[in-house]
Amino acid sequence: DGLQERVRLSGIICDALPEGIIFQDSGGRILYANSAASRILGVGIERLTGTDFLDPRWRAVHENGSPFSDQEDPGKAALRSGRSVTDVVMGILDPERDCYRWIKISAHPQIGDDSPGVSGVLTVISDITEQRRSEKNFQDILARLRRSQEIALVGDWSWDIVSDIVSASEEALRQMGFPADYRPRFSEISECIHPDDRAAAADKLKEAMRTGNPYTTEFRIHRKVTGELRYIVSMGEIEIDDQQKPVRVFGINQDITERKAAEEALRRSEEKYRLIFDYSPLGLFYFDEEGTIVACNDRFVDILGSNRQQLIGLSMLDLPDEKLVVEIRKAISGDIGNYEDIYKAVTSGKSIPLRAVFAPAVKGGIVSGGIGIIEDISERWAAEEALKENRSFLTDLIENSGSLIYVKDRKGGYVFVNRK
């Protein structure tokens, strides 16, 4: 009676366990299965009893998708070897949901009291389907994070001040030139910083550790091994303990080398166009979308005989020269405006033979203003007038000459004959 009671209690305990418990005899046939095993495997206890563990209907597969062979059955492997086979991951088909349920199996051989050999095997199974799903989701998140950091050139890191060990993402390590699985000391990272920037970067960090405030610093680095120069902006926050002492620094580094190169190219371009703007022999000026002058070069001021203070802020749409205003409106509308006439400057009263071109400045498909180019054409007009006078003088001279003057073409035909 006592033995039966212990068996009954053992059955109650086994049925209460969340893990599946299966006992197989020396031939591999299932003698006992608890409720959890029936639930995990999706087979009734009656159907399990007396069968082999590896049911062909399960289409059992490894994690790589290859099928399990009968020889790979963890229970039978433990029976053959007399040693435990643990943590075997197996996928079994759930016919109701038409998907695989994943289980982890550990099989432990049992030595009988009356015989020296293995009398059976105790197999413990756990349903790890949700665990694998969570792990996969976590790995997917990590993969997206790694990809995002690669695209944004942003890497995260943390520095344990006590141990001087830095834990960093692959992107942060790549920026410095370290292997992806490396855990450098903070001193190694400091050595990567350009010698001319090292002291300033250290001062920023020391000040943040003293005050507990976040910090941002920018410096150059030389990558490990290659020595390639890169520009980094680093931002960090300080973690302090109960005694208000800094114990850890959390930060991100962004590689801004391409941005720096673009800024330098832009600076050089701006410098080049600034030189052209400032020293052009033509008068140049910028105006906004309302036709107000916002910048001009010295030649523009000289041509109009005015001063810069009077010209900057001048609204050209309010000028009395209607012909000029029409051309400026064209530029503001996105077209090219052309003007040639005698212009009387409202800021100086000077009348100037003037030629002007007004071109729209377009940004993002929207006209934000324009640029004007003006030229004092006094000399050209004087030369054209002199040419007209010379032509008139020569015409009178030829017509009134006492000699016969004529011009023939190649065929002998007369094309011009004077009065004589």
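1. Basis. This is a predicted model, in which local features need pLDDT of at least 70, side-chain atom pairs count only at pLDDT 80 or more, and totals for chains, interfaces and linings use all residues. Residues are numbered from 1 along each chain as its sequence is written, and side-chain values use heavy atoms, with hydrogens and water left out.

2. Sheet β7-β6-β10-β9-β8. Five strands form an open sheet in this order, with antiparallel pairing. Strands (E, at least two residues) and helices (H or I, at least four) are DSSP runs, numbered from the N terminus. Two strands pair if DSSP finds at least two bridges between them. β7 and β8 are the edge strands, and each pairs on one side only. From one strand to the next the twist averages 30 degrees. Axes here are lines fitted to C-alpha atoms, for helices over the stretch in contact; angles run from 0 to 180 degrees between N-to-C directions.

3. Strand β6. Residues 154-160 make up β6, which runs antiparallel to β10 (residues 246-255) and is joined to β10 by seven bridges. Asp156 stands opposite Ile252 of β10. Ser158 has Phe250 as its bridge partner in β10. Ser158 also stands opposite Ser167 in β7. β6 pairs with β7 (residues 165-168) over four bridges, again in the antiparallel sense. The two strands form a hairpin with four residues between them. In that turn, Asp164 has a positive phi of about 65 degrees.

4. α8 lies across β6, β8, β9 (229-240) and β10, and runs at about 150 degrees to β8. α9 lies across β8, β9 and β10, at about 125 degrees to β9. Contact means heavy atoms within 4.5 Å.

5. Ile221. This residue is found in β8. Ile221 counts as buried because its relative accessibility is 0%. Buried means under 20% relative accessible area, exposed over 50%, and partly exposed in between (1.4 Å probe, protein chains only). Not counting residues up to four places away in sequence, Ile221 touches Gln175, Met176, Cys192, Ile193, His194, Glu228, Leu229, Arg230 and Ile232. Gly177 is 44 residues from Ile221 along the chain, and their C-alpha atoms are separated by 9.8 Å.

6. Sheet β12-β11-β15-β14-β13. This is an open sheet of five strands in that order, with antiparallel pairing. β12 and β13 each have a single partner strand, so one side of each is left without a neighbour in the sheet. Direction ignored, neighbouring strands are turned by 25 degrees against each other on average. β14 and β15 (residues 366-376) pair in the antiparallel sense over 10 bridges. Within this pair, Phe358 has Gly372 of β15 as its bridge partner. α9 (residues 257-279) packs on the sheet, touching β11 and β12, and its direction makes about 115 degrees with that of β11. α12 packs on the sheet too, touching β11, β13, β14 and β15; its direction makes about 150 degrees with that of β13.

7. Largest nonpolar core. A nonpolar core is a set of buried Ala, Val, Leu, Ile, Met, Phe, Trp, Tyr and Cys residues joined through side-chain atoms within 4.5 Å. The largest has 24 residues, and Phe285, Phe300, Leu304, Tyr343, Phe358 and Ile374 touch the most other members. Elements that each supply at least two residues of this core include β11 (283-288), α10 (298-304) and α12 (322-332). Leaving aside neighbours within four places in sequence, Phe300 is in contact with Gly283, Leu284, Phe285, Ile293, Leu311 and Ile374.

8. Cavity. On a 1 Å grid over the protein atoms alone, a cavity is a set of points where a 1.4 Å probe fits but cannot get out; a pocket is an open set with protein on both sides within 12 Å along at least five of seven lines; lining residues have an atom within 4 Å of a point. Grid points are joined across faces, edges and corners, and a volume is the space filled by probe spheres set on the points. The count is one cavity of 30 Å³ or more. The largest cavity holds about 150 Å³ of space. Its lining has 18 residues, of which Phe300, Leu304, Leu319, Leu324 and Tyr343 lie nearest its centre. β14 gives the most to this lining, with three residues.

9. Pocket. The largest pocket has a volume of about 270 Å³. It is lined by 19 residues, with Trp157, Phe186, Ile189, Ile193 and Phe219 nearest its centre. α8 supplies the largest share of the lining, four residues.
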